[in-house]
Amino acid sequence: MNQFSDMHVHTSDSPDADIPAWRLVQRGVDNNLGAIGFVAHLDLNPEDFCYDSLNAAAYDESIIRARNESEGRLLVMKGLEVGEPHKYEEQVKNLVNYSDYDFITGALHTVGNIGMILGKEAYSDRDPLEIVEEYYIETLRMVEVSDIDILAHLGLFRRGLALAGLKYDFNEMQLWPETIDNILRVLIDRNIALELNTSGLRRKEKITYPTPPILERFRGLGGTFVTVGSDTHREPHIFFGLEQGAVLLLKTGFPEVYTFLDRVPQALDLI
Ligand SMILES: [Zn+2]
Ligand SMILES: [Zn+2]
């Protein structure tokens, strides 16, 4: 198998992560990674833990240092993870210039005012499946209008459901097939990559976001544009699950994953 790429790696430039980008480059070289896509949180939802925390100039310095550290041994990409871009994109674009980044990842972290990674407190008042259905409807809105290259962690609510001790082993492809098909079709039509996020593999739910049935459906609809990302924030789970993710992608019929330079996708062979 070729060298891995990881398109979802947080650095100490975000308040919920604590490893500097240059250090992650060293670790990437040690782990035989071929490419790292760094992301900084850009969240303008006041409820979010990372609300308005991006210092674009400092992040830029971090990336420059990381590129120097790499000495060409791995590709370093500079990305942003924008929370709820369909709601905040205008404000986001007043803060940063998207053309300064290699890629923009769109992430849905909240539905209404319910945080998807919170436990019991988020799911106490309402039927959890109702909230999950809203999550998918809101995701559809997000991918229809946002200026993004990658859709992050589709199905993140499983982390919150598992934390709350609620059932999470349902198959949403059976519950809301139309909404999910619509999301996947919009990704294909708008040339947005579907991220296979492997962070759920190290958590209680032990599953990728999205789940294998959704990944299969995406391929079945003709989707080929995928990235893989570990959502690394800190030790001890750096780059966790990349190999398992690559195996799943190959098995599902995706021979390539994508990286981005100046918002232009580049294919990398998985085999
Ligand atoms: Zn996220
Ligand atoms: Zn993230």
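Helices here are DSSP runs of H or I with at least four residues, and strands are E runs of at least two. By that count, this predicted model has ten helices and eleven strands. Its radius of gyration is 17 Å, close to the 18 Å that the globule rule gives for 271 residues, so the protein is as compact as a globular protein of that length. Of the 271 residues, 45% count as buried. Look at contacts between residues at least 6 apart in sequence, and 78% of them join residues at least 24 apart.

Now zoom in on helix α3, residues 85-95. P85, E89 and V92 are its buried residues to look at here. They cover an arc of only 85° around the axis, which puts them on the same side of α3.

Next stop, the pair β8 and β9. Strand β8 (residues 193-197) runs parallel to β9, and four bridges join the two. To get from β8 to β9 the chain passes through helix α9 (residues 212-220), making a right-handed β-α-β crossover. Within the pair, L194 stands opposite V226 of β9. Which way do the side chains of β9 (residues 226-229) go? V226 and V228 point one way, T227 and G229 point the other way, and all of them are buried.

Key
Residues numbered from 1 in each chain as written. Chains lettered and ligands numbered in written order. Predicted model: local features only at pLDDT ≥ 70, side-chain atom pairs only at ≥ 80, totals over all residues. Buried ≥ 20, exposed ≤ 12 C-beta atoms within 10 Å, placed from the backbone. Pairing = 2+ DSSP bridges. Right-handed = clockwise from strand over helix to strand, strands pointing away. Rg over C-alpha atoms; globule rule 2.2 N^0.38 Å. Contact = placed C-beta atoms within 7 Å. Arc of directions from axis to C-beta.
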